[in-house]
Amino acid sequence: MLPKLLSFVFLGTLFFNSALAFPKYASLAGLPRGALDNIVPKLPYRPPETPPGPLKDTRAKLVNDKKHPWKPLRRGDIRGPCPGLNTLASHGYLPRDGIATPAQIMLAVQEGFNMDFGTALLVTYAAHLVDGNVVTNLLSIGGKSPKTGPDPPPPAIVGGLNTHSVFEGDASLTRGDDFFGDNHSFNKTLFQQLVDASNKYGGGKYNLTVAAEFRHQRIQESIATNPKFDFTSPRFFTAFAETTFPINFFIDGRNENGQLDLDVARSFFQHSRYPDGFFRPSSPRGAQGLDVIFAAHPIQPGRNVDGVNNYVPDPTSADFDTFCLLYTNFVNKTIKGLYPNPTGVLRKALNWNLNILYLSFKDSGCIQEFPMFRSLFLTVFLGVLLGSPVLAFPVHASLAGLPRQELDRILPGLTFRPPVNPTPGPLNDTSAKLVNDAAHPWKPLRFGDIRGPCPGLNTLASHGWLPRNGIATPSQIMLAVQEGFNMDFGTALLVTYAAFIVDGNVVTNLLSIGGKTLRTGIINPPPPAKVGGLDTHAVFEGDSSMTRGDAFFGNNHSFNETLFQEATIFHFSGELRHRRIQDSIATNPEFSFVSPRFFTAFAESTFPINFFIDGRNENGQLDMDVARGFFQHSRMPDGFFRPSSPRGPNGIEKVFLAHPIAPGRNVGGVNNYVPDPTSADFSNLCLLYTNFVNQTVTSLYPNPTGALRQALNFNLNILFQAFKGRGCTQLPSSSQFDESVYIG
């Protein structure tokens, strides 16, 4: 299936590319190992430029402008299977000859189509690693070309995007299967089928309904006609994603109705040309709608075996339920298969690009793979690219696992800069006001956006009161919960800093409202610190949630429809809190209901009533459709007003007194709930503070030094302000966080 490797005379200087030239070798293919070991390490490898970060201006704008006119192909210009990249090259957003660096592609797809950063990162570096020349840092958007430089040794291909592999695959919308000889040219027959499907299902327009039916049709055609049809990962993913791209990227950003005109479609697919006066989309996007298309005609990854019409599912392939397996298989099978024994600059280049690619999967909880590159793995610090003020060291991606001597050397060298205005004070205007306003519209998730177990924070992020990617500073959270929900200052201070100290990165001052992510900082404190975001089974998240499952059952952060149905029966009352506790006692052998979860569980039971009811009609009755909007869709109702006055867990005493319970946990299995007299309860709030500092924080940070110690003290001092008025004594006179560095 893979194109035959070509031998050619290297013409780098002829084509004005700064590629690498060797007079004796047109390619490194076929050289003995000894010769390779002698040549490859001497290649003058230049680290590729850092990928451009997300766009600052992501509005709709004219992209078929005077600086980017369409021009016809010149002799030698290359185009390939991707209509989007072809169009960008024909308009000069990419080099018009079709040979580009990954950074050029990253910038072009964002500038020209407003592709979101995460999607751009994933598709660019996955394609480049397989189809590009990682040493010369050049990729052909079409066929194999001498302009990308001398090849690495086989089985590497460096065949450009026409290669039947990652970017290109069977069952394309307007390109034929590789088995039939041409997998990259515009196919008039297939486009006419797309037109016919649009007329049949979309009223003459290409939309999600058409996309779902045509995706199914193309799969069935390949099953019936292509004996080599392969629909396993990664093609399984890219096939569904590319079906959404015409809707997401080829519709003018001034009229985003989800209906693609077929003449416009032909312009992109056949002529690689923007319509006159074309505006890119009005906001960054990726594969939105993929779930709708897949759900219309679900299919398992698989391939034809021994001929046509014999499609056999492949259980070893990644699918939409095993996203991390896509990454694992790509690195350990695809990349390792192409580069079984890389050395010198080739190894260095692979590591550079693999590390960048991993950023696309990090937020999904995937573990980074080091198939054969571990000893020389380069750590690429891309915090600035991701918008995070992270700390960079040339050797260590994390401080985890370093010996104490090394920690003592590194940690004091970190510079901790206390954030400006770390705790915005109480609001001046605390009246009810419109918060789902023009400045804070709801927007769907982009690729890589993070959401977690807290419906309130999820909603604030989806409306832009918090950064929409789900990574925020404590002060941003403090301001957002007050502005968006009129949470009282004391409650905001307590929940923000308790969660941040345990789940955030105190040195970089960033917290994920969901899972663990590189965007909170590439330098992590040493274990047992977690810096795992709010998904971490600890302070903010805990057992017996109202609409999220217990961590014991595998998913503690996603909306759970079964639990929500229970909530609709009990209307988010004291009865629901009691029911959820009893459910966890009966089913979760590791159920824990001690401080601080003891407090947050009862508090969160009041939050829907206090914060999700419109401030113009505060009758204490939460509509279930409104509740679903917050809990499932992270969305405020249209015209929603925040509460009419600041509030916290008002009503918590009623919820508790309806079914009092002592803090405790299951011991030795289910239905064996044992009270814990050492845990704080509502009669001793200061014990909550004491245990939090001396037990929870101390266990996560047993020996902090330098900037880490400064950061912990800074944040613990802010947290104490939430307890100060209750007669609690400030710690830590008896712990490692000495009082001398407190900020007072």
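Predicted model: local features only at pLDDT ≥ 70, side-chain atom pairs only at ≥ 80, totals over all residues.

Reader: How many disulfides does the structure hold?
Author: It holds two disulfides, a disulfide being a pair of cysteine sulfur atoms within 2.5 Å. With the bonded cysteines numbered in sequence order, the pairing is 1-2, 3-4.

Reader: How far apart are the sulfur atoms of Cys324 and Cys366?
Author: The sulfur atoms of Cys324 and Cys366 are 2.1 Å apart. Cys324 lies in helix α10 (residues 323-338) and Cys366 in the loop between α11 (344-362) and α12 (404-410), so the bond ties together parts that are 42 residues apart in sequence. Helices (H or I, at least four residues) and strands (E, at least two) are DSSP runs, numbered from the N terminus.

Reader: Is Cys366 buried or exposed?
Author: Cys366 is buried, at 4% relative accessibility, while Cys324 is partly exposed, at 25%. Buried means under 20% relative accessible area, exposed over 50%, and partly exposed in between (1.4 Å probe, protein chains only).

Reader: And what about Cys686 and Cys728?
Author: Cys686 and Cys728 form a disulfide with sulfur atoms 2.0 Å apart. Cys686 belongs to helix α21 (residues 685-700) and Cys728 to the segment after α22 (706-724), so this pair ties together parts that are 42 residues apart in sequence. Cys686 is partly exposed, with a relative accessible area of 22%, whereas Cys728 is buried, with 8%.

Reader: Changing topic, what is the strand order in the sheet with β11?
Author: The order is β10-β11-β12, in an open sheet of three strands with antiparallel pairing. β10 (592-593) and β12 (673-675) stand at the edges with a single partner strand each, so one side of each is left without a neighbour in the sheet. Two strands pair if DSSP finds at least two bridges between them.

Reader: Which residue in β11 is the bridge partner of Ser592?
Author: The bridge partner of Ser592 is Arg665.

Reader: What is the order in the sheet with β6?
Author: That open sheet has three strands in the order β4-β6-β7, paired antiparallel. Its edge strands are β4 (230-231) and β7 (311-313), each pairing on one side only. Strand β6 (residues 302-304) meets β7 over three bridges, and Arg303 has Val312 in β7 as its bridge partner.

How values were computed:
Residues numbered from 1 in each chain as written. Heavy atoms only, no water.
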